[in-house]
Amino acid sequence: MEDEVDRLVAAWRRERPDLDVEPLEVLSRVSRLARHLDRARRLAFSEHGLEPWEFDVLTALRRAGTPYQLSPGQLLTQTLVTSGTMTNRIDRLAKKGLVERLPDPSDRRGVLVRLTDEGRDRADQALAGLLDQERAILAELTRAQRAELAGLLRQLTAPFDNIPG
């Protein structure tokens, strides 16, 4: 079965036989798959009235476990955005009634961001929708193939995820 990357690689091999284009065979597929996954994610989230960034913040809080709260700093670490961006996101989610700000009992100047019941429900529903979309994307692979692919991708991504700072 041929795909668009096969055609792209064949064209580059014809046009630039002096270059080793083998990395394109893997990474162009990863890039194309990421675009397809992004579309599937946006669809799953929009069905629950959420933007991808909203899902990221809500699910970070949901994964924290009861009482589903984190400091803004912890949310920054998990979502990889700037402090100003996170403040804006928390404000917008609070206006929608999906999170609330509470005083941090361990730091009188600090706040905690807590998921509301509505926020938890929306996060849970959007996650279920996302998993349906992702299962469909992976449907052509056996369980063993999915496990092998997950291991290979982990091997590639772990060095990026474990860079200090």
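Entry 1. At least two lining residues each come from α1 (4–15), α2 (22–46), α6 (117–138) and α7 (143–161). I note that α2 supplies the largest share, 8 residues.

Entry 2. I recorded the basis of these values. The model is predicted: local features need pLDDT of at least 70 and side-chain atom pairs count only at pLDDT 80 or more, while totals for chains, interfaces and linings use all residues. Residues are numbered from 1 along each chain as its sequence is written, and side-chain values use heavy atoms, with hydrogens and water left out.

Entry 3. I read a volume of about 920 Å³ for the largest pocket. Its lining has 24 residues, of which R29, L33, I137, L138 and L149 are the closest to the centre. A pocket, on a 1 Å grid over the protein atoms alone, is an open set of points where a 1.4 Å probe fits, with protein on both sides within 12 Å along at least five of seven lines; lining residues have an atom within 4 Å of a point. Volume is the space filled by probe spheres set on the points, which are joined across faces, edges and corners.

Entry 4. I sorted the lining of the largest pocket by class and found 15 nonpolar, 1 polar and 8 charged residues. Nonpolar covers Ala, Val, Leu, Ile, Met, Phe, Trp, Tyr, Cys and Pro; charged covers Asp, Glu, Lys and Arg; the others, Gly among them, are polar.

Entry 5. I turned to the second largest pocket, with about 160 Å³ of space. Among its lining residues I listed F55, R62, Q78 and L127. Here α3 (52–63) gives the most, 6 residues, and α4 (72–79) and α6 each supply at least two.

Technical notes: Helix = DSSP H or I, 4+ residues; strand = E, 2+ residues; numbered from the N terminus.
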